[in-house]
Amino acid sequence: MTRSLITVAGLAMATKEYSKNSFELTVVVDQHDLEESMKFKIRVEGVLHVGGLMLKLVEKIRAPQDWSDHAIWWEQKRCWLLKTHWTLDKYGIQADADLHYTPQHKFLCLQLPNMKTVRLSVSYSTVVFKTVAEICKICNISRPEELSLLRLPDDPKKKKKKDKTPDWVVDDLLTADIVGSTATGASGKPIQMLCLFIFPTYRLGHVLMLVACGCCVGRWLDSSRSLMEQDIQENERLLLRFKYHCFFDLNPKYDAVRITQLYEQARWSILLEEIDCTEEEMLMFASLQYHICKLTMSSEPNDLSNEQDVDEVEAALSNLEMTLEGGNADSILEDITDIPKLADSLRLFRPSNIGCEVVPDVNVTEKKFGIKLLIPVADGMNEVYIRCDNEKQYAKWKAACILASKGKTMAYSSYKQEVKSIRSFLQMKSLAPTPGQTAPDLDSMEMNSECFVSPRYAKKYKMKQLTTKILEAHQNMSSLSLMDAKMRFIEAWQSLPEFGIKYYVVRFRGSKKDEILGISFNRLIRIDISTGTPTTTLRFSNMKQWNVNWEIKQVTIDFDQGISLAFACLSCDCKVVHEYIGGYIFLSTRSKDQNETLDEELFHKLTGGQE
């Protein structure tokens, strides 16, 4: 009897002690197929690890289903409890914690560069860098490190109720449901079939273009944090875009999907005037778009660029052949032993101010053939302009300069091919029809010509005039294949002076006025905000280190020869600029090996920072 009383007293004491150290947690359970969430209360102790909490929860739910994709989300702290071996005490979880037992993979409505939207099931718990890689694998887009996700621009309807674009226009863009992480769709066909030849509907006009796009500054998601941590909700719409304009080995033999999506992003940036171009260049872009549109509409929906399938071995051999320019042993030996020289009378100009590095200054119609070179100096880069007299002279000197910038001479096997390529490009930019060609048939253009140019140029010409100009320019490129035309468009886009430059309003240390900072794939550009004139250009190759003071949100960059810049970002969080700089430096470390495994740890080390 005495022993029984002692046992009962001991149990009572243990229960009392348990009550002191325990607390009640409320956990909400979310499921894809249930409209309403379930709520459970569980009594736990702080020494319980997260995995144990999940086990208790599943036992209490008593639902026969696979819970392996579920994890615990802490709403107040905006973080996932993914370290299941950590205890509740280590995480700092107490009774007031708002916890959700929710799927890690959720649906996301993603607008591709071609303005079409797909609905994907993606990870909301891994960092965006990994999520983008997962998305690109589903859509068969290679080199995912060049892309990222960004939020849609603010809805202009909420600010200016002038846009009468119906809601169905946006809903109509939801063209495909892609579920899971496999590389094939429900029909068993590769996912690339769903996105490679989705061609935008021109009939919607420029209103939809302007609504669907917009400036990307400050809207990029943080690559080092998950979607949930950045308040991205299930079924939210995000944009998938090429963020870093440093494209690795674009080869039509095995990269058709990536090239097509890149072409679409380039096309929209031209149409939306996100990058400036001359009238001559705009008409060239318009004629290329018209040519691509014709070829796309005439091809079979599932025909991958009308190219024959090429296996990996054949693609590698073809790529090697292109790299060597098909040179035989004798010609290669001749290139090595006999280094050609180039001599001409050229006009040389030396501007007094320091400026940014830009591409050639050319206007074929006006017979203007200029080359702009940058010479490194202590505090940046000096510009030197070279004026050539004609197209032939320009092609030779431009090709020589390109090789020289890569540390090669004209003895290199690709010099002649480079000259040929430049002359072909100039011919494409020529808007005058070739002598002897018949006048274009205006009725042959079944599409609205205004849809191939930006609104500024659409207003400048009457429809008939614009159609004539586009068709005349089209005669110079009508023999291009679909992939060749897209590659020419991308190359012409890359040749624009402002290509790939992102602009931010900053305040430099010691300055009393705002300035513009331009970031490109290889340089930083300091620009006077009142005149738009570049004042300093500094290359990443001369950078020694950079860091961020997260308390005062200031970026400091040190260059060779004791040069240092420090600035605070005014138009966005300094993390955006920090990630751009680190991202470009990371991309510069890539090797030419197609099978190279990306060093994700290095990427986060260069872009993540410590906030």
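At roughly what angle do the axes of α10 and helix α17 (residues 482-494) cross, and within what distance do they come? The legends below take up this and other close-up views of what is a predicted model.

**View 1. Packing of helix α10 against helix α17.** The axes of α10 and α17 cross at roughly 155 degrees and come within 9 Å; because angles over 145 degrees count as roughly antiparallel, the two helices are described as roughly antiparallel to each other. The crossing of α10 with α17 is left-handed. On the α10 side, the residues that meet α17 are M284, F285, L288, Q289, H291, I292, L295 and T296, while α17 contributes L482, A485, K486, R488, F489, A492 and W493. By residue class, this contact comprises 10 nonpolar, 3 polar and 2 charged residues.

**View 2. Packing of helix α9 against helix α10.** Helix α9 (residues 256-271) packs on helix α10 (residues 279-298) at an angle of about 135 degrees, and their axes lie 11 Å apart; the pair is therefore oblique. The crossing of these two helices is left-handed, and the contact joins Y263, R267, I270 and L271 of α9 to M282, F285, Q289 and I292 of α10. Of the residues in this contact, 6 are nonpolar, 1 is polar and 1 is charged. F285, Q289 and I292 of α10, which take part here, are also among the α10 residues that meet α17.

**View 3. Packing of helix α18 against helix α19.** Helix α18 (residues 574-587) and helix α19 (residues 600-607) have axes that come within 7 Å and cross at roughly 140 degrees, and the two helices are therefore oblique to each other. Their crossing is right-handed. The contact is formed by K575, H578, E579, G582, G583, I585 and F586 from α18, together with L602, F603, L606 and T607 from α19, a set that divides into 5 nonpolar, 4 polar and 2 charged residues.

**View 4. Helix α4 and the residue that follows it.** Helix α4 (residues 128-139) has 12 residues and spans 16 Å from its first C-alpha to its last, which is close to the 16 Å expected at 1.5 Å a residue. The helix is mostly covered, with 9 of its 12 residues buried, and these buried residues are V128, F129, T131, V132, E134, I135, C136, I138 and C139. After α4 comes N140, whose phi is positive, near 65 degrees.

Notes
Residues are numbered from 1 along each chain as its sequence is written. This is a predicted model: local features need pLDDT of at least 70, side-chain atom pairs count only at pLDDT 80 or more; totals for chains, interfaces and linings use all residues. Side-chain values use heavy atoms; hydrogens and water are left out. Axes are lines fitted to C-alpha atoms, for helices over the stretch in contact, and angles run from 0 to 180 degrees between N-to-C directions. Helices (H or I, at least four residues) and strands (E, at least two) are DSSP runs, numbered from the N terminus. Angles under 35 degrees count as roughly parallel, over 145 as roughly antiparallel, 65 to 115 as roughly perpendicular and the rest as oblique. A crossing is left-handed if the near helix is turned anticlockwise from the far one by less than a right angle, and right-handed if clockwise. Contact means heavy atoms within 4.5 Å. Ala, Val, Leu, Ile, Met, Phe, Trp, Tyr, Cys and Pro count as nonpolar, Asp, Glu, Lys and Arg as charged, and the others, Gly among them, as polar. The expected span of a helix is 1.5 Å times one less than its number of residues. Buried means under 20% relative accessible area, exposed over 50%, partly exposed in between (1.4 Å probe, protein chains only).
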